[in-house]
Structures are given as C-alpha cells and as structure tokens.
Amino acid sequence: MSDWSPTSWKGKPSAHPADYVEGPELDRAKDKLANLPPLVTSWEIEQLKQHFSEAQRGRRFVLQGGDCAETLADCREPIITNKLKILLQMSLVLVHATRRPVVRVGRFAGQYAKPRSSATETKDGVTLPSYFGDLYNRPEFTPDARKVDPELLVSAYEHAALTLNFIRALVDHGFGDLHHPEYWDMSFLERGGLPSDLRAQYGRASVELGEAIRFVEALGERTVEQFTRAEFYTSHEGLNLHYESSQTRKDAHTGAFYDFSTHMPWIGDRTRALDGAHVEFFRGIANPVGVKVGPSMNPADLKEIARALNPRDLPGKLVCITRLGADHVEELLPPFLEALRGVRILWVVDPMHSNTVKTQGGYKTRHVDQIFSEIERSFAVHKASGSWLGGIHFELTGDDVTECLGAGIAEEDLSRNNATACDPRLNYRQSLELAFRLGGHIRESFRS
Ligand code: PEP
Ligand code: CO
C-alpha cells in the first residue's frame, strides 16, 4: 500500500462540516496525541478480528452498544459501571439463547465525535455551529462553546484513557466473573421497574449458565482463564481523522499500521464516500473497520467500498452495519446481500438510526417495537438469501433514562429524564427486554 500514509486522507473531500483552523494550536494537540501511549494493543485488535471472523461464520455473536454521544462529563464511575452491567447482562441472555460466545463491543472510550444533519443550529434568531460532540466543541449554545477547539482532542483522549483504565480494572478483578453469573448484581435488576417475569427469566438463564460453565470446567477442557474473563472491546465512529491519525502507528512486530485509539473504528453513514477522506484513511489500518449502511447507499458503491477497505478479502476485517429502517428492510437489504455475495463481511444490524421519529412535543425518539421489527426482519432477509447476520448494534445506557418509547415508557414520560447528548438511547429495562426478545427470536436459528 505504497500510496497510503496516516495522513494521505488530507486534501480528500469530507462530508463532515466541522473542521479546525490549521495552525500551531492544532499542531500542538496532534503532536501531543502522537506521543501519548496507545489506548489499545495490536494483539487485542487482532484478537477481535479473530472473533469477528468467527462471528462471520456463525460461531460467535456480536453485541455492540453504548451511547450515541459519550460525553466527557459522563466519565464517571456509576455511568460506566451501569453501561458495562447492561452489556454484560444482555450478553448473558444472548449466550444462553444462541449457545455461542458473545463478543462485547462498547460504543465507549472514544465515542465523542458526532456527525450532524445540519452544520449550524438556530435558536431565537441566533445561528451557531452545531454541537459536534465533545471531541470537537461544547454543547452550550454560545459562540465560544461552539468553536471547534483542538485542546479537546487531548482532553477526549485522556477521558477515553480514564474510561478504559476503569473498565480494564473492573474486568481484571472479576467484574462479571463468568463462574458466577447468578451474582451479577441482581440488585441492579430491581431498578428500572423491571417486570417480575423478566427478572425470573434472567435469574433462570444466569443459574443455568453458571452451572454449564462449572460443568465444562470440571471436564478440564478449557483453562480457567479462558472462562473467567468477561472481555470488552472498544469502538467508536472514526469521524475525526486528526484524532484517529495521530494515534495511528506502525506496529513493530507486524509492520502494519494500527489505529490505537480503539479496537474497532467505524465509518458513519454520512462520511462513507468512496473517494472521501474517511475511506482513504481507514483503508490503510489493520483494525477491523465498520461501515454504516444507510438507505441512501447503493449496493455497487458498497461493493467498491468493501474492495477499498479490505482488498485482500481478509476474514474478520470488514463489518457492514446496516441501518435501513424497519419498514424498508425487505426492499433495501436483499440487493446488498446479492451484490456482496461471496465477499467476507460480518453483517451487523443497527436497528436504531433509521427508526428515529419526532413526537408532537418535539422529542426525537424511537419505539422499542420498531427497533425489534428491524432486527426481526433483518434476520429473516439474511436467512432467505443464505447469508448470516452475526451481530447487533444498539444505542443504550445502563441508566433509567426516558428517551425511547415502549417497555414502560409512554410519550408523556419522555421529558422525565431525557439525558442524551445526541440520539435517544434504550434504557436499562428496554435493553434487557430487547435482549430477551432477540434471544427468543434467534434461539432456533442458532441451535440448528
Ligand atoms: C451513530 O451511530 O450515532 C450514527 C450517527 O450513525 P449513522 O452514521 O449510521 O447515522
Ligand atoms: Co446515534
């Protein structure tokens, strides 16, 4: 790849409207980032690629989830712990249903950059740049806050590092020890008005799983270490190429370039142009890379993008995350599967981003039933075309927010705790309910 470098994306067009004033401030921030240590390692990245290659072949299932926009202010113990807990509990439900290892990939430790549908926001006759996430600018509606600030590149890196440090410490010290899923903080289940039948289902699944793990371990087939760690990988939208490229280095062992800011970056639906800066940057790194596939994408373009990002058709490398909208899956998904037949892709469904509606009260929301409908229909279409759907991508939080509708939240509840910095997220109960519905739905296909 002689014509690629970590900065060869410069000068290529980007559909993202936020950018920096070139100059000493930006250079200083990038220089600092380039010298700070990696957040993840190449062996973890390779491990995730291996997991994805197995998920591609139906041997694992991928659960990706977290905030739409992570904020620096939310880099706090209870918020991070609650997010890990809900991902862990959902994964347990899915392990139980699919009888497959579940790969947990958080939208965290770097999900600070947001593409927006509009470059500016107008309030009471005043127009300012939009809020592009804490990696770029600040949410307050003042000219100063909305200025794109290079200092935030370093600040975001530091918060990603703090988040990841805490996650690693929890995982290393038995958080979610898989020997005892029945102890996975059952008190947590009391929260969020979880109905008793759901609680009972969860209790049964976790006890059965604990017994199964102890049984397999007693057979001596696997090492304790392989069973006890509940691994988490990180992911975020690789929107800010200054951030991503400053953390991109050549690995001494393999000679390959890795983006060390995260295990799995993805390219958003707005910035996936074949000749654009993002495809140029991401084609050169060895990380697994996701691409969001929205309704305006055409299958021939996706084929070209796949070729650009994974020219050697390596397993576990390319993740296509479809977000077509519940009511359009049957019409829009088959042509993609047809055009990419035979290409090594991990297909994941994001049932969130094309099911967003605005209520009369002005809230951006999503209904749990529509979300589930996109999942259900995506499984059916993949099955009918002989393809395999290997994962799900959610926007969720472990807290009791009121942002999505259904599973206990009605329209009049939306204002109660609408805390998102961007899109509406599933709350704790909604996430767990969806995991059970999903588990029930896919149980058969995974067992046959
Ligand atoms: C997102 O994942 O928050 C997002 C903006 O998605 P998309 O690029 O699919 O619109
Ligand atoms: Co979002």
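Trainee: If a nonpolar core is a set of buried Ala, Val, Leu, Ile, Met, Phe, Trp, Tyr and Cys residues joined through side-chain atoms within 4.5 Å, which residues touch the most other members of the largest one?

Mentor: This is a predicted model, in which local features need pLDDT of at least 70 and side-chain atom pairs count only at pLDDT 80 or more, while totals for chains, interfaces and linings use all residues. Residues are numbered from 1 along each chain as its sequence is written, chains are lettered from A and ligands numbered from 1 in the order in which they are written, and side-chain values use heavy atoms, leaving out hydrogens and water. The largest core has 102 residues, and those touching the most other members are Phe61, Leu309, Trp347, Phe379, Phe394, Leu426 and Leu438; buried here means under 20% relative accessible area, exposed over 50%, and partly exposed in between, with a 1.4 Å probe and protein chains only.

Trainee: Which helix gives the most to this core?

Mentor: Helix H4, residues 151-172, does so with ten residues, where helices (H or I, at least four residues) and strands (E, at least two) are DSSP runs numbered from the N terminus. Another core of 13 residues lies apart from it, with Leu48, Val62, Trp266 and Val319 among them.

Trainee: Switching to ligand 1, how many residues surround it, and which are the closest?

Mentor: There are 13, a residue being near if one of its heavy atoms lies within 4 Å, and the closest are Arg107, Lys114, Asp269, Lys292 and Arg323.

Trainee: Back in the protein, is Ser431 buried or exposed?

Mentor: Ser431 counts as buried, because its relative accessibility is 0%, and Ser431 lies in helix H12, residues 428-447. Leaving aside residues up to four places away in sequence, Ser431 touches Ile86, Met90, Leu396, Thr397 and Leu426, contact meaning heavy atoms within 4.5 Å.

Trainee: And what is the phi of Arg99?

Mentor: Arg99 has a positive phi of about 55 degrees although it is not a glycine, and its place is in the loop between helix H3 (77-98) and strand S2 (102-107). With a relative accessible area of 47%, Arg99 is partly exposed.
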